[in-house]
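Dear colleague,

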Amino acid sequence: MDNRYSRQQLFSPIGEKGQQQLQEKHVLIIGAGALGSASAEALVRAGIGKLTIIDRDYVEWSNLQRQQLYTEQDAQEKIPKAIAAKKRLQSINSAVEINAYIFDADTENLQGLLEDVDLMIDATDNFDIRFMMNDLAQKYHIPWIYGSCVGSYGATYTIVPGKTPCLHCLLKVMPNTGMTCDTVGIISPAVQIVAAYQVTEALKLLVDDEKARRKSFLTFDVWQNQHYEINVDKMRHEDCPSCGKNPTYPYLAYENQTKLEILCGRDAIQIRPPKPIHYNLEQLAVQLRPYGEIQKNPYLLSLQTQDYRLVIFQDGRAVIHGIADLQEAKSIYYRLLG
Ligand SMILES: [Zn+2]
């Protein structure tokens, strides 16, 4: 059989030795949206040993324009992204061990996954989770690669505990435009560029090519033909609560985690029960049938009424679409689910 990695091995900074190293590495990708799909596919094709991917959402039609792992059928059946991603990735490279989890990242469930993780990739859409990743990275000495994009704009930075400033140190240079993909949209090349930088940095770290690691904080606007690199080497703060001398890891504290939130501009509210509950979706379907139209797959149940759509995951997490008021969302949740 032909060696599927021959071209990558010919690339001298990787070589046969690097290929061997890649095969021994475990990468955790948080988020399986646009960025997560792109990095997961590239890393699986590159032949890493193990990939863990987590995501809390299911595939929707508006994802298909840029989330490269998903199909119309996935959107039709509301398949959770983690499940659809795993299936597609496994068909691309069956030699990679792929673990997929459907959940909303929090300190507890993330910590449980970190044991042999060599690298984390940020493919989330919010800073709550990024700061949590940042603290976990420092606490467990795991490098991670920040990435974000909106419109035609993107940003990325490689954070190595003990060597570089952390996300917390960089707060001042962080772009905080308040724009989201749901308000100003996004074009897929912006995603592909950020993911390409993230994957390249990942490969460098995984084959231990420390010299090649990019040291700058990079931003670009591919539509406006702009590209900036900020030198942030000296921005590490000794008293940083995440990476300083006496770290307190503030974002790992329970009280900093939201239980109820409005999802990034989607006209949807997510409600998490205080403790995970295991729902029997069959039973729940029977119970909720009088309220509207039910659609179900092995991972979630969707109830469409005249006013809103309620999606319930097995762990009791619910997303209510079409409701903008938190109190109203809560009352629907408690009325229907107790
Ligand atoms: Zn720091």
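Predicted model: local features only at pLDDT ≥ 70, side-chain atom pairs only at ≥ 80, totals over all residues.

**Helix packing around H3**

Helix H3, which covers residues 34–46, packs against helix H5, residues 81–92, at an angle of about 30 degrees, and their axes lie 9 Å apart. Since angles under 35 degrees count as roughly parallel, H3 and H5 are therefore roughly parallel to each other. The crossing in which H3 passes H5 is right-handed. On the H3 side the contact involves Ala40, Glu41, Val44 and Arg45, which meet Arg88, Leu89 and Ile92 in H5. Sorted by class, the residues joining H3 to H5 are four nonpolar and three charged, with no polar ones.

H3 also meets helix H9, which spans residues 188–206; here the axes come within 9 Å and cross at roughly 40 degrees, and H3 and H9 are therefore oblique to each other. H3 passes H9, too, in a right-handed crossing. From H3, the residues making this contact are Ala34, Leu35, Ala38, Ser39, Ala42, Leu43 and Ala46, while H9 contributes Val191, Gln192, Val194, Ala195, Gln198, Val199, Ala202 and Leu203. The contact of H3 with H9 comprises 12 nonpolar and three polar residues, with no charged ones.

**Domains**

As for the chain as a whole, it is divided into domain 1, residues 6–254, and domain 2, residues 259–337. The centres of domain 1 and domain 2, taken over C-alpha atoms, are separated by 29 Å.

Notes. Residues numbered from 1 in each chain as written. Heavy atoms only, no water. Axes fitted to C-alpha atoms, helices over the stretch in contact; angles between N-to-C directions. Helix = DSSP H or I, 4+ residues; strand = E, 2+ residues; numbered from the N terminus. Parallel < 35°, antiparallel > 145°, perpendicular 65-115°, else oblique. Left-handed = near helix turned anticlockwise from the far one by under 90°. Contact = heavy atoms within 4.5 Å. Nonpolar A, V, L, I, M, F, W, Y, C, P; charged D, E, K, R; others polar. Domains from an automatic or database assignment.
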